[in-house]
Each structure stands twice: as structure tokens, then as C-alpha cells.
Amino acid sequence: MLNIILMGPPGAGKGTQATRIEDEFHLPHISTGDMFREAIANGTELGKKAKAIIESGGLVPDEITIGLVKERLAKEDCASGYLLDGFPRTLPQAEALTEMGPEIGRPATLVVDISVPDEELIKRISGRRVCPSCGASYNIHSVPPKEEGVCDRCSGKLIQRKDDNEESFSLRLSNYHQQTAPLIEYYKGQGIYHGFLGTVSPDSLFEEIKALLEANR
Ligand code: ADP
Ligand code: ZN
């Protein structure tokens, strides 16, 4: 069973790999960041609560995030596998997943962690462009779309995220080191952790991840 947690610092390339994993293994791609951005775009209650936090680079409170993910994972399309991208991001979120996963028949089975040094992340972030329609991500320097400003997958118009500015990014990065990086030890302890170096090309990284997933499906 492929019940995957995709981990890594902001800008590591989780979105890029998630899109490829989704297309190759047909798993529902559950990105908490995308869910929050959709809520913001739709002006829902959740969106109103999350907007300022996200744009400044902070973390949405655990209770809100955990509730959202629990509801999403319980849906039928997650019964034969899922790809969690951006959750868990804190120890309480990881502990909640360890508890609720088995309860709803969705225990996480594999953690795919992509690591990239901070200097490289800072370089990448200004070039990042994303497709709000399908969630694909690009980098104008290293992973450009075939046609400038247009999504290869769905022809959507690419945008630069509001939180991809220097100030929000440095907060996201320090939150990552303080709150998310400790999950590496947590998942090593559960025996489901697999680390990858995210500084190779997106294609070679995908080949490595694919081999792991094929061996575990
Ligand atoms: P990135 O990995 O590039 O930082 P995401 O799209 O995963 O971007 O997340 C964007 C923002 O959404 C985060 O900076 C945070 O504000 C919020 N967010 C996403 N996932 C979580 C989470 N699990 N817990 C708290 N906040 C989250
Ligand atoms: Zn798209």
C-alpha cells in the first residue's frame, strides 16, 4: 500500500515530485498548501482564517490543519493509497496522523524526504512559478514550462505565490528547521523514513523515488 508522506523544506521540489508521482502511480495528491490556497481563493471561513498566516509565511494552527486532513483522508479515493504533501509539518500533526491513520484505515506507510541545503533553497525560491489550476510547479531557471507562463499539464496561467518573497520565505525556512525537521527522527523511529538528496535533476530524483515506490506497492 502506498500511503505516502512527502517531506522536505519549502522549495525542495515536493510539488514537482508530487505531480510526477500522482501521474505515474495515480494516487490522490493531498497538498495542505493547495487546500488552504483554494479556501482563500473561494473566500471560505477557513480561507479567511488562513490568509494572513500563509502570506506572512507562518503555520496554520494544528487543530485546523489536522481536522482538514482527517476529513480529506477519510474520503473514498484515499482507500487504496494517497500522497500527502505538506502534512505533517509539526510533531503534534505527526502524532495526530499516527493516531488517526489506523483508525480510519489509512496508516502512513512511507515517508519520502527530500533534502536541499538552505543556500540552494533561497536561490530557487525567486524563480518558482506555480499553476493554481492543477498544482504543478516550475522554476523559470531550472524547470521552465515549455511555453512561458503556461502550464504544461493543463494550460493554466502560471503565477508567483504571494509567500514566495524573501521575508515570508525566511520565516517558512526557520519554521521548517524548528518544527518540521524533528519529524525526520520521529519517522526513522517508525522505520518508514527514506531520505533523498533534492539537488539532483528533477528527472533523476523522480527515478530514485519511483524505484522506492515500485518496490513497496
Ligand atoms: P511550501 O512547501 O513551499 O512552503 P505549501 O504549499 O506546502 O508550501 O504551504 C504553503 C503554506 O500553507 C505554508 O507556508 C503554511 O502557511 C500553510 N501550510 C501548509 N501545510 C501546513 C501544515 N501542515 N500545517 C500548517 N500550515 C500549513
Ligand atoms: Zn496546471
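Student: Where does N175 sit?
Tutor: N175 belongs to helix 7 (residues 166-180). Helices (H or I, at least four residues) and strands (E, at least two) are DSSP runs, numbered from the N terminus. Some ground rules: this is a predicted model, in which local features need pLDDT of at least 70 and side-chain atom pairs count only at pLDDT 80 or more, while totals for chains, interfaces and linings use all residues. Residues are numbered from 1 along each chain as its sequence is written, chains are lettered from A and ligands numbered from 1 in the order in which they are written, and side-chain values use heavy atoms, with hydrogens and water left out.

Student: Is N175 buried or exposed, and how do you know?
Tutor: Buried means under 20% relative accessible area, exposed over 50%, and partly exposed in between (1.4 Å probe, protein chains only). N175 has 13%, so it is buried. Leaving aside residues up to four places away in sequence, N175 touches G57, G58, L59 and T180, where contact means heavy atoms within 4.5 Å.

Student: Which class does G67 fall into, and why?
Tutor: G67, a residue of helix 4, has a relative accessibility of 35%, so it counts as partly exposed.

Student: Now the zinc ion (ligand 2): which residues coordinate it?
Tutor: Its ligands are the SG atoms of C131, C134, C151 and C154, at 2.3 to 2.4 Å. Donors are N, O and S atoms within 2.8 Å of the metal (3.2 Å for Na, K and Ca), and sites may look incomplete because water is not among the atoms.

Student: Why is the site of the zinc ion (ligand 2) called tetrahedral?
Tutor: Four donors count as tetrahedral if all angles lie between 85 and 135 degrees. Here the angles among the four donor atoms run from 97 to 115 degrees, and the site is therefore tetrahedral. For comparison, ideal angles for four tetrahedral donors are 109.5 degrees.

Student: What makes C131 and C151 a link between separate parts of the chain?
Tutor: The donor spacing in sequence is C-x2-C-x16-C-x2-C. C131 is in the loop between strand 5 (128-130) and strand 6 (137-139), and C151 in the loop between strand 6 and helix 7, so the pair ties together parts that are 20 residues apart in sequence. C131 is buried at 2% relative accessibility, and C151 is buried at 3%.

Student: What is the order of strands in the open sheet, and how do they pair?
Tutor: The five strands have the order 2-3-1-4-7, with parallel pairing. Two strands pair if DSSP finds at least two bridges between them. Strand 1 (residues 3-7) and strand 4 (residues 110-115) have four bridges, with M7 opposite D113. Strand 4 and strand 7 have five, and there S115 stands opposite L197.

Student: Why are strand 2 and strand 7 called edge strands?
Tutor: Strand 2 (29-31) and strand 7 (193-197) each pair on one side only.

Student: What makes strand 4 largely enclosed?
Tutor: Five of its six residues are buried, so strand 4 is largely enclosed by the rest of the structure.

Student: How do you know that the buried residues of helix 2 line one face?
Tutor: T32, M35, F36 and A39 are buried in helix 2. Seen down the helix axis, these buried residues fall within an arc of 95 degrees, so they line one face of helix 2; the arc is that of the directions from the helix axis to the C-beta atoms. On the other side of helix 2, E38 and A41 are exposed. The buried residues pack against strand 2, helix 3 (45-56), helix 4 (62-73) and strand 3.

Student: Which residues other than glycine have a positive phi?
Tutor: H26 is one of them, with phi of about 55 degrees, and S155 is another, with phi near 65 degrees. H26 lies in the loop between helix 1 (14-25) and strand 2, and S155 in the loop between strand 6 and helix 7.

Definitions and conventions
Four donors count as tetrahedral if all angles lie between 85 and 135 degrees; four count as square planar and six as octahedral if opposite donors are over 155 degrees apart and all others between 65 and 115; anything else is irregular.
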